[in-house]
Amino acid sequence: MRYPPKIRRRLRSLLTTTLGALLTVAAVTAPARAGAGHVGDVTEYPLTTRDSYPVGITSGPDRALWVAESGADRIARVTTGGAVTEYPLPTAGSFPQHITQGPDRALWFTEGFGDRIGRITTKGRITEFPLPGTGRFPTGIAVGGDHALWFTEPGTHAIGRMTPDGRVTEYPLPTADADPYRIAAAPDGSLWFTESYSGKIGRIGLDGRITEYSLGGDTTYPTGIAAGPGGMWFTASGLNAVGRISPHGTVKLFPVPVPDNLVFDITRGPDGHMWYAVQSGRIGRISGSGAITEYEVPGGADKVPFDLTTGPDRNIWFTELLNGTVGRVRAAG
C-alpha cells in the first residue's frame, strides 16, 4: 500500500479493533431462514466470493441490492431472491467501502485504497474517477440536494464533492484529525456526516460552509448517519447509543439495551422507524420517540452485521462483514 502507517492503523482500527469486528471468520453456508412472515425474521444469502468482507449496501434503481465487497475488490448485485452477480473492479487493491444510488440511475461507490470514486451501471459497466491526490481514503458517499456526489475523506480530514462527470471539489474540516466517516443528505439538501475520531457531527451546506457539533469528546465514536423523524439520526458506539440531532444542533441520545458498544450503521426503514446494526449480532429498530426493539441474527457475533439499507421489497437488508453474506430482516408482518 502507498499509505503511511498512521492512516493504515486508523483504517484497521475503524473496521476491526475499535469495533470488535475481527473475531473468527464464519464459514459461508446455504441461505438460512428464521421463521416466515414475522417482523424480525432473518434470511441470509452468501455472496459468491469467499472472504469478500462486504461493507456498504444500497438499494438500486433495478429493484436489486448493490454491495461493496472490500476484501474482493468487487461490486455485487443481489436480487431480493438471493441471486448474486459480482463485478470485479478495474483497480486491484481498491478496497471499496460505501455505495449509494446516484442521480443518474447508476450506483456510485468509494474506493478507499484506490483513491477513486467509482460508478457502475445496472448492467455492470464500471467507470472510475481518480481523486486529486493520494491519501484521501474516501469512505462514505451520498447524493446532495445539488445532484452531486458528496463523500468523506478521513485520510485528509475533508469532505469531497464530485459532479457526475468527475469534477472534484474538496472542503477541509475545521477540526484537525476529525476522520469523517459516513455522510447522508438531509431533507433541505445539505449533507451531515460523522467525525469518528473527534466525536462530532458535522453539517456541510451546498455552498461548502461547515458547522460542527460536539457529542462530548473523542470517545463517543459516531459512525452511521441517516435522515429520519425530527432530524438526522446517528450511531455512537462510545456512548452505546443511537442519537438524533436537530437541524439546529440539539442532540438527544437513546441508549441501546445491551452495553456492548458496537452499534454501528443506521437507516430509515419502510415503517418510518430507524433501523440500526449492532456488530455483536443484532438488528435494532427505534421509533421517533425512542422505543427500541432488537432482533437477533443467528450466530451474529461471529458474522458482524455492519451496514444496512431499506430494500426494494420493503425489508431491511444488511451486510455481514465476516461472513461474506448479506442478510434480510423482515420489517413488516
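D265 is buried, with a relative accessible area of 5%; buried means under 20% relative accessible area, exposed means over 50%, and partly exposed is in between, with a 1.4 Å probe and protein chains only. Before going on, note that this is a predicted model, in which local features need pLDDT of at least 70, side-chain atom pairs count only at pLDDT 80 or more, and totals for chains, interfaces and linings use all residues. Residues are numbered from 1 along each chain as its sequence is written, and side-chain values use heavy atoms, with hydrogens and water left out.

What does D265 pair with? R182 forms a salt bridge with D265, and the closest N and O atoms are 3.8 Å apart. A salt bridge here is a side-chain nitrogen of Lys or Arg within 4 Å of a carboxyl oxygen of Asp or Glu. R182 sits in strand 14 (residues 180-185) and D265 in strand 22, so this pair ties together parts that are 83 residues apart in sequence. Helices (H or I, at least four residues) and strands (E, at least two) are DSSP runs, numbered from the N terminus. R182 is buried too, at a relative accessible area of 2%.

How many salt bridges does the structure hold? The count is 13. As background, side chains of opposite charge can pair when their charged atoms come close.

Another of these bridges joins E153 to R136, with 4.0 Å between the closest N and O atoms. E153 lies in strand 11 (residues 149-153), while R136 is in the loop between strand 9 (126-130) and strand 10 (141-143), so the pair ties together parts 17 residues apart in sequence. Is E153 buried or exposed? E153 is buried, with a relative accessible area of 0%. R136 is also buried, with a relative accessible area of 15%.

D146 is partly exposed, with a relative accessible area of 24%, whereas R161 is buried at 19%.

Now to the sheets, beginning with the one that contains strand 22. Four strands form an open sheet in the order 22-23-24-25, with antiparallel pairing. Two strands pair if DSSP finds at least two bridges between them. Which strands are at the edges? They are strand 22 (263-268) and strand 25 (292-296), each pairing on one side only. Neighbouring strands of this sheet are turned by 25° against each other on average, direction ignored; the axes are lines fitted to C-alpha atoms, for helices over the stretch in contact, and angles run from 0 to 180 degrees between N-to-C directions. Strand 24 (residues 282-286) pairs with strand 25 over five bridges in the antiparallel sense. G284 stands opposite E294 in strand 25.

A second open sheet has four strands in the order 2-3-4-5, and the pairing is antiparallel. Strand 2 (54-59) and strand 5 (84-88) are the edge strands, each pairing on one side only. In this sheet, neighbouring strands are turned by 20° against each other on average, direction ignored. Strand 4 (residues 74-78) and strand 5 run antiparallel and are joined by five bridges. A76 stands opposite E86 in strand 5.

Next is strand 19. Six of the six residues of strand 19 (residues 231-236) are buried, so the strand is largely enclosed by the rest of the structure. Strand 18 (residues 222-228) pairs with strand 19 in the antiparallel sense over five bridges, and A226 stands opposite W233 in strand 19. The hairpin of strand 18 and strand 19 has two residues between the strands, and G230 takes a positive phi near 85° there. Strand 19 also pairs with strand 20 (residues 241-245), antiparallel, over five bridges. The bridge partner of A236 in strand 20 is A241. The hairpin of strand 19 and strand 20 has four residues between them, and N240 in the turn has a positive phi of about 50°.

That is the end of the tour; I will take questions now.
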